[in-house]
Amino acid sequence: MVAMAAGCAAVPPSEKTAALSLTSPPSSSTAAASATAEPGTPLKAEVVGGEAITPAEQTALQDDTKDITPQYNDIWQRIRAGFAIPNMDSPLVAQAAQWYTTRPDYVARMTERARKYLYYTVQEVQKRGMPTELALLPFIESAYNPDARSVAHAVGMWQFIPSTGKHYNLKQNMFQDDRRSVLASTNAALDYLQNLYNMFGNWQLALAAYNWGEGSVQRAIAYNKAHNLPVDYQDLRMPNETRNYYPKLQAVKDIISDPSKYGITLPDIPDHPYFKAVTITRDIDVSLAAKLAGLTPDEFRSLNPSYTKPVILGATNPRILLPYDNATHFAQALQAYNGPLSTWTAYTVKATQSPMQLASDLKVSEAVLRETNDIPARQLIRAGSTVLIPKADDGSNKNVSAAVAENAVLAFAPEAPPGRRMVLRVGRYGDSVQGVAHRYHLSPLQVAQWNRTTERGIFRKGQFVTIYVTHTPRIFVAERQADERRIVAERKVVKRRVVAERKPQVKRRNIVRQPVKVAERQRKELHYSVQTRDKKLIDVAQQ
C-alpha cells in the first residue's frame, strides 16, 4: 500500500497523444496529419464524425508502428538489461522466493495479467532513467491488477489511498477515479518514487518510504544515527510489512532474472506497446465504446478501470486505452455509427429527498437509480448532489458539462422516519421488539430496523431503544399508566391462580401428615405424663 502518492502527471510532453475527435462535422473536411511516433506512443489522429476516412487518415491510423523497432526479443530481456538496484542477500528474500515458486499458478496469472501494462510501465521507467526493478513493483502492490482494492481503501496497480491521491491531484469524482488509471497512476507513482530517491539517495530506502511513508523512514534513520547504528534497509527498525517489502521485490527480480532456476515459465510478452491512447471529446457509453472497438465490456474495463460509471464524459477530454490493433477498428466503426453515442445524462438534485421520490420525479426506475449511483439503503440524497440517469427519449444529444464532470459529488443523509424521535431505556425486566411496537402503536419491523435487530429481538436491561412516533407525549403517559395498571392486575390474577392451584396440594399434604402429627402429639403427652408421675413418686418418697 502506498503511504504517500505522487502527483498526477499527464503523459510527458514529449509523448504524442492519439486524439479521436467525436465532435460534429465541420463545414470543411479535415485531413489527418501523420508523424513519426516513439515506441508505444500513437500518432495524433483526428477523425471527423459523419465523413469517410481519407487515405491520409487511414495511413495515420495504421502506419504509426513502422518506426517501432523492438530492441529486445521480449519485455523480460529488456527488464533484465535495466536492473540497477544492488541485490539484497537476506533469508527473507529466499523465503519470498520460496512462496512464489510453490505457487506457479499464481505467478502465471500475475504475469499474464501484466501483459497489457508492462510495456508502458517499463517505457515510462526508462524515460526517467530509473532502474527497471521499479516496473516490477506493481507485482508486489497489486499483482498488476489496476482494479485491486485493499482493506485500507488503497486502489489501483500502485495502491493509492484516497487522501494521498487527492493531495497529488489524481482525479477522484463520481465519474472517474484516476487511482485506477494505468497512465495517470503510473506517472504519479514514478514521480513519487523519484522524489523519494532524491530524498534518501538510496532506492531500497526509497521503496521502504513508498510502503511505510517518508516520515517514518526518516525517524527510523534518525534513531539509528543517534545510537551509532547503520542506516541501511536491513538495519532500520520497521514493521513486518515493510521489513518484507523489498525482499519480495528482490525475489520477483531473481525469478525474472533466471526463471528456469525456480521452475517458473514466464509468458512470451513482446517488447511492443499493447495499447493506444485515444482522446474522447463527446459522451459515449462504455458498452458502446467496447462494441465499436471490438472488445467485450470486461476487456475494455481492464484497460480503462478508472471510469466507474456506464458512461465516459467527453467534457474533460479523457483518454481511453484500446489494444493497438483495435484502435483503428474503433475509429472506422465510429465513423459508420449513426445512433446516439450516450444514453446517460447527469442531474443535479435540487432538494434533499429519498431515491424513491427522486425516481418518481424524474420518471426513472428506482432500481436503476440505486444501482447506477450505488445508493445505499435507508439514505436520502442531499441537495446539490449529482446523479446519473438515463436520457429522456426526446432526441436530445446534449453532453454533460465540464463543471459537472469535474466537480460532481453524491452526498447522502440518513433517512430519518417521520415523527418525533424518542429514546427509551429498557427496565430491569427487559423488553421485546414486539412489546415496544405494541405499546407505541408501531410496526415490529419498523422498531427492528431502527434498532438494527430482528422482529423477534429482545432488548436487554438498561439498553436504549430508539423509536419515531407521531403521537403526543400526553397520550403516551396515559397509555403507560393504563399499561402499568393492566400489568399489575394481570400479576394479581396470576398470583390468585397460583394460590388456588396450590390449595389442593396443601390439603393433600396435610391429610398425609395428620396421623403423624397425632402420633407425635400422643407421644409427647405420654412422655409428659410419665415425667409427672415419676416426679410425684419422688416427692412422696422424700417426705
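Residues are numbered from 1 along each chain as its sequence is written, and side-chain values rest on heavy atoms, with hydrogens and water left out. In this predicted model, local features need pLDDT of at least 70 and side-chain atom pairs count only at pLDDT 80 or more, whereas totals for chains, interfaces and linings use all residues.

View 1. Helices are DSSP runs (H or I, at least four residues), numbered from the N terminus.

**View 2. The crossing of α3 and α12.** The axes of the two helices come within 8 Å and cross at roughly 60°. That makes α3 oblique to α12. Axes are lines fitted to C-alpha atoms, for helices over the stretch in contact, and angles run from 0 to 180 degrees between N-to-C directions. Angles under 35 degrees count as roughly parallel, over 145 as roughly antiparallel, 65 to 115 as roughly perpendicular and the rest as oblique. From α3, L92, V93, A96, A97 and Y100 make the contact, together with P247, K248, Q250, A251, V252, D254 and I255 of α12. By class, the contact of α3 with α12 has nine nonpolar, one polar and two charged residues; Ala, Val, Leu, Ile, Met, Phe, Trp, Tyr, Cys and Pro count as nonpolar, Asp, Glu, Lys and Arg as charged, and the others, Gly among them, as polar.

**View 3. Helix α8 (residues 182-200) beside helix α10 (residues 214-226).** The axes of α8 and α10 come within 12 Å and cross at roughly 15°. That makes α8 roughly parallel to α10. Y192, L196, M199 and F200 in α8 meet E214, V217, Q218 and I221 in α10. This contact has six nonpolar, one polar and one charged residues.

**View 4. The enclosed helix α15 (residues 326-336).** Eight of the 11 residues of α15 are buried, so the helix is largely enclosed by the rest of the structure. These buried residues are N326, A327, T328, F330, A331, A333, L334 and Q335.

Terms used:
Contact means heavy atoms within 4.5 Å. Buried means under 20% relative accessible area, exposed over 50%, partly exposed in between (1.4 Å probe, protein chains only). A crossing is left-handed if the near helix is turned anticlockwise from the far one by less than a right angle, and right-handed if clockwise.
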